[in-house]
Amino acid sequence: MSSVLGLKCMKCGREYDPSATRYVCPTCGNDGILEVLYDYDRIRTVLTTEQLENDPDLSMWRYLALLPVEERPPSLTLHIGWTPLYASKRVGPQLGLPHVWFKDDGRNPTASLKDRASAIAIAKAAEFGEHIITAATTGNAGSSLAGLAANAGVAAYIFAPVSAPAGKIAQLRVFGSHLFLVDGNYDQAFDLCMDATERFGWYNRNTAFNPYMVEGKKTVALEVAEQLRFEAPDKVIVSVGDGCIVSGVAKGFRDLLTLGLIDHVPQLIAVQAEGCAPIARAVISGEPVTYLENPTSCADSIVAGIPRNHLMAVRDIRSSGGMAVTVSDDEIIDAIGFLGRNEGIFAEPAAAASVAALRKLADGGDVHQEDRIVVLITGNGLKDVQNALKVKGTSMTIPPIIDAVEQAIADGF
Ligand SMILES: *Cc1c(COP(=O)(O)O)cnc(C)c1O
Ligand SMILES: [Zn+2]
């Protein structure tokens, strides 16, 4: 039995029994994103630090008591979660920050944090008796759902913009999804996917529209807290597209605070690309979010001109006492190399955006030497080789002759 008490609308505040709706608020429609409410008194009796210490399950399912599912889906055997939290070796120190960690979620089975949410989609579809799941994606949500669906033996219908990076499209093909490459942007693919659910009844994984995705994403925060022995960090840097990861991170820490396992919720630092920053601009200006018709950035995973979870995301960033930062595409590409050569961690552009932000905050004096800072690396760099190749590495083309090597080294190569 899950400990879900109900679903609360972000817009009108009405509460519903989970059996009343699968997705959004029946009164507000698609703007009525729902938040999952739990019976923490019940959870407190089963989720304790001792229980966690003795749990051999090193995956996201160790937090089953805090998840909106009846059980770990038996059909899903891929290993999701419990990704490494690395203490920074050179990036932090170079920026004058001795307490920086990288949470490498590129280490998930389909190489992004999205697997945490897709796992919940697989579980909920099984509970509802659905065998077809659909999702709109900039690339990662879809490739994640496709991979997990392939493992669980259900069908995935995916709507991705035709411009999605080749690595992500390759994953979508390899995992056998039914792939619609939409001649349009992500926001249009999203609307099309919604129409498909309405017409064909497929179970819909769309971010925010499906209230349970934030719950899967929150496991990254639960892990960070546990990996830091429940001494919550001061700041967590999160790249933001639709705004579900950042709300997931907030929810995870709030859950632990409610359970008495940590003593504060970290400040959330939201990062967006200059060419697509509706949430960041709202946080900075204090105004409501305004949508963007033609957003652009090399960080495809955070190009969402109509951020579907903006109400919850802006609320969560503000209430954490956090802030928002924008970074340019040049800064993002530069950060891929900075992280790679200093730590051996390969991030896709959207993930490196958080490293670019760390750098900017350090330069601007907005983070301090004593701050304990966790930087989420949300996706692996091999997903987008085209952008990674823009990083200036140290390479030269030579004939297959040892003298050429000697000459190069003599020249200081
Ligand atoms: C999806 C994604 C994000 C942004 O997550 P939202 O929930 O859309 O805000 C950031 N980085 C990567 C790699 C992603 O795939
Ligand atoms: Zn409502």
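Donors, for a metal site, are N, O and S atoms within 2.8 Å of the metal (3.2 Å for Na, K and Ca), and since water is not among the atoms, sites may look incomplete. On that basis the zinc ion (ligand 2) in this predicted model is held by Cys9 (SG), Cys12 (SG), Cys25 (SG) and Cys28 (SG), at 2.3 to 2.4 Å. The angles subtended by the 4 donor atoms run from 106 to 114 degrees, which makes the arrangement tetrahedral (four donors get that label if all angles lie between 85 and 135 degrees). Along the sequence, the donor residues follow the spacing C-x2-C-x12-C-x2-C. Cys12 sits in the loop between strand 1 (4-9) and strand 2 (15-16), and Cys28 in the loop between strand 2 and strand 3 (34-38), so the pair ties together parts 16 residues apart in sequence. Strands here are DSSP E runs of at least two residues and helices are H or I runs of at least four, numbered from the N terminus. Cys12 is partly exposed at 32% relative accessible area, and Cys28 is partly exposed too, at 24%; buried means under 20%, exposed over 50%, and partly exposed in between (1.4 Å probe, protein chains only).

As for the numbering, residues count from 1 along each chain as its sequence is written, while chains are lettered from A and ligands numbered from 1 in written order. Local features need pLDDT of at least 70, side-chain atom pairs count only at pLDDT 80 or more, totals for chains, interfaces and linings use all residues, and side-chain values use heavy atoms, with hydrogens and water left out.

Now to strand 5 (residues 100-104), where 5 of 5 residues are buried. Val100, Phe102 and Asp104 point one way, and Trp101 and Lys103 the other. Strand 5 runs antiparallel to strand 4 (residues 85-87), joined by 3 bridges, and pairs in the parallel sense with strand 13 (residues 373-377) over 5 bridges; pairing takes at least two DSSP bridges. Lys103 stands opposite Leu85 and also opposite Leu376 in strand 13.

On the scale of the whole protein chain, there are 16 helices and 13 strands. The radius of gyration, taken over C-alpha atoms, is 21 Å, close to the 22 Å from the globule rule for 413 residues, so the chain is as compact as a globular protein of that length; the rule is 2.2 Å times the number of residues to the power 0.38. Buried residues make up 59% of the 413.

Technical notes:
Four donors count as tetrahedral if all angles lie between 85 and 135 degrees; four count as square planar and six as octahedral if opposite donors are over 155 degrees apart and all others between 65 and 115; anything else is irregular.
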